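Dear colleague,

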Amino acid sequence: MEKRMVGIVGVGHVGAHVAYTLGLMGVADEILLCDTNEKKLASECNDLNDAAPFMPNRTVYRAVDYAGLKDCDIIVNAVGDIELCKNFNRDDELKNSVLQVARIIPSIMDAGFNGIFVNITNPCDLITCEIANLSGLPRSQVLGTGTLLDSARLQHALRDITGLDSRSFNAYMIGQHGDHQFIPWSMLNFSGLTVEQFEALRGVKFHRETIQKQAVKGGWITVAGKWCTEYGIAGAAATLVRTILHDEKRILPCSVELDGEYGQQDLFVGVPAIIGKDGMEKVIELPLNDEEKEKFAEVVRALRTNMEKARNIILENREKL
């Protein structure tokens with residue numbers, strides 16, 4: 001039987017919680033942790049191995065350097081500095097995140113890694129794109145959590161309003177993991193019922209702008225009280241890893257590269273995609289209505305602006321990398 005091996009680069013608030021969640025889910029046999037803070041790395045690794053006897057399957061945690069990640073099936077990129085988000089804008093992490101992956105990814109690739117990257121680091125779509133460019137891996141092997149967490153926040157809002165379990169409806173966010181995302185209301189359904197049909201059936205009326213705001217800004221409620229997010233994003237990342245390792249062929253909204261879908265090219269954005277053992281296996285192109293197409297165009301403009309910023313950062317710091 002093949003050993004399932006997952007690497008995590010960056011074991012701060014998020015990376016450590018991803019490692020713990022993977023163990024609790026019984027997803028991986030061996031979880032390799034990598035961080036430049038060697039003291040923190042040793043502490044997290046020891047604590048996680050103390051927790052391993054309480055996990056459903058045998059899970060071993062090991063501390064490694066970048067080269068030690070070469071045999072991983074999946075590497076989760078969780079580097080970053082949450083302190084840079086004090087203004088509640090994920091784009092404030094852009095320069096730091098771009099420079100970090102520009103240093104890290106070549107070292108991992110030089111060691112011979114040929115698995116799948118799952119990116120968490122913000123701004124998620126832009127950094128996922130940078131990892132793809134730096135690694136040179138096929139389109140299918142680089143993806144980010146994207147709007148998977150935002151979709152969970154939307155489901156949280158709808159659950160509170162309707163009293164229904166989230167498995168009773170199909171709802172997700174698309175676009176940028178940030179302010180430029182939206183709910184494709186024309187695609188949302190309650191076991192086949194449209195939003196309008198459900199409203200008539202239950203005698204309720206959804207306040208769409210309020211719901212969208214809760215989904216988009218929900219993360220900042222978490223950050224405001226403890227200056228980080230942990231459980232939600234860890235659950236999203238671990239679910240994405242499990243979906244790949246178990247070849248679930250599950251449709252999830254995550255950050256993937258478009259190659260003609262939605263009329264776009266060479267762009268990473270949060271849209272539904274089929275996820276399986278090969279990573280991103282197929283982008284699902286939703287039949288958006290005209291209003292939603294215009295919102296998607298706004299998303300694209302924002303993402304391409306960030307891509308240009310990233311290019312300039314790399315050029316300005318080329319000698320330091």
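**Salt bridges in the predicted model**

Asp 179 has a relative accessible area of 41% and is therefore partly exposed (buried is under 20%, exposed over 50%, and partly exposed in between, with a 1.4 Å probe and protein chains only). Asp 179 forms a salt bridge with Lys 217, with 3.1 Å between the closest N and O atoms (a salt bridge is a side-chain nitrogen of Lys or Arg within 4 Å of a carboxyl oxygen of Asp or Glu). Asp 179 lies in the loop between strand 7 (174–175) and strand 8 (181–182) and Lys 217 in helix 7 (residues 208–226), so the pair ties together parts that are 38 residues apart in sequence. Helices (H or I, at least four residues) and strands (E, at least two) are DSSP runs, numbered from the N terminus. Lys 217 is partly exposed, at 36% relative accessibility.

This is a predicted model, in which local features need pLDDT of at least 70 and side-chain atom pairs count only at pLDDT 80 or more, while totals for chains, interfaces and linings use all residues. Residues are numbered from 1 along each chain as its sequence is written, and side-chain values use heavy atoms, leaving out hydrogens and water.

The search of the whole structure finds 19 salt bridges. Among them, Asp 29 and Arg 4 meet through their side chains at 3.4 Å, N to O. Asp 29 is in the loop between helix 1 (13–25) and strand 2 (30–34), and Arg 4 is in the segment before strand 1 (5–9), so this pair links parts 25 residues apart in sequence.

Yours sincerely
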